[in-house]
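Morning, everyone. Please have a look at the structure before I start talking.

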Amino acid sequence: KGELRIQSLSFEDAGMYQCIAENNHGIIYANAELKIVASPPTFELNPMKKKILAAKGGRVIIECKPKAAPKPKFSWSKGTELLVNGSRIRIWDDGSLEIINVTKLDEGRYTCFAENNRGKANSTGVLEMTEATRITLAPLNVDVTVGENATMQCIASHDPTLDLTFIWSLNGFVIDFEKEHEHYERNVMV
């Protein structure tokens, strides 16, 4: 195929590469530059979120995305406790931390540590738990005669520190109340 494969790159491999294709009718050239990137981990451009919210009993993924070359190894701590993979906690290959069945005990300061052969860095955020949003009154099936109006209700409980938005959809497509105001009407009860 005319493919050049270089394994275990080193800085000496950097430079201009030229491919020459030749047959009875002539010869053509193509050039490409290979740059070798190597840097210690840094969170300067993409720090961890300072505040992470998780719903009680839910699942949260805390991202850890430093810039680094080669790819760093990741570890996590909560306060001074080093975290390891378990039944509720998992450290993904990309550095993200996943916690399932979140409880009040999971609240606290989480630190992601990234290390490669060039150096190491860390970033910290605080996980706070919120009450899970729950539908307390779901819409019911309605039989309506053509031409009449139909009313459907949806009531939810939620954490008072968070805003709540209701989104209605028909057969999987979100209803745009601005464009379809002649057919659909939204009544918000406080």
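Which residue in β12 is the bridge partner of N116? It is G119. This is a predicted model, where local features need pLDDT of at least 70, side-chain atom pairs count only at pLDDT 80 or more, and totals for chains, interfaces and linings use all residues. Residues are numbered from 1 along each chain as its sequence is written, and side-chain values use heavy atoms, with hydrogens and water left out.

Back to the strands. A strand here is a DSSP run of E with at least two residues, numbered from the N terminus. Two strands pair if DSSP finds at least two bridges between them. Strand β11 covers residues 108–116 and pairs with β12 in the antiparallel sense, over nine bridges. A hairpin of two residues joins β11 to β12. Strand β12, residues 119–130, also pairs with β4, residues 51–55. That pairing is parallel and runs over five bridges. There, A54 has M129 as its bridge partner in β12.

Next, salt bridges. The term means a side-chain nitrogen of Lys or Arg within 4 Å of a carboxyl oxygen of Asp or Glu. The whole structure has seven. One of them joins E98 to R59, with the closest N and O atoms 2.6 Å apart. This pair links distant parts of the chain, 39 residues apart. E98 sits in strand β10 (residues 97–99), and R59 in the loop between β4 and β5 (60–62).

Buried or exposed: which is E98? Buried means under 20% relative accessible area, exposed over 50%, and partly exposed in between, using a 1.4 Å probe and protein chains only. E98 is at 12%, so E98 counts as buried. R59 is at 53%, so R59 counts as exposed. R59, R90 and E98 are linked in a network of salt bridges.

Another salt bridge pairs E107 with K104, at 3.3 Å between the closest N and O atoms. E107 is partly exposed at 25%. K104 is exposed at 54%.

E3 and R5 form a salt bridge too, with their closest N and O atoms 3.0 Å apart. E3 is exposed, at 58% relative accessible area. R5 is exposed as well, at 61%.

Last, the domains. Their bounds come from an automatic or database domain assignment. That assignment gives domain 1 as 40–130 and domain 2 as 133–189. How far apart are the C-alpha centres of domain 1 and domain 2? They lie 37 Å apart.

Notes:
Helices (H or I, at least four residues) and strands (E, at least two) are DSSP runs, numbered from the N terminus.
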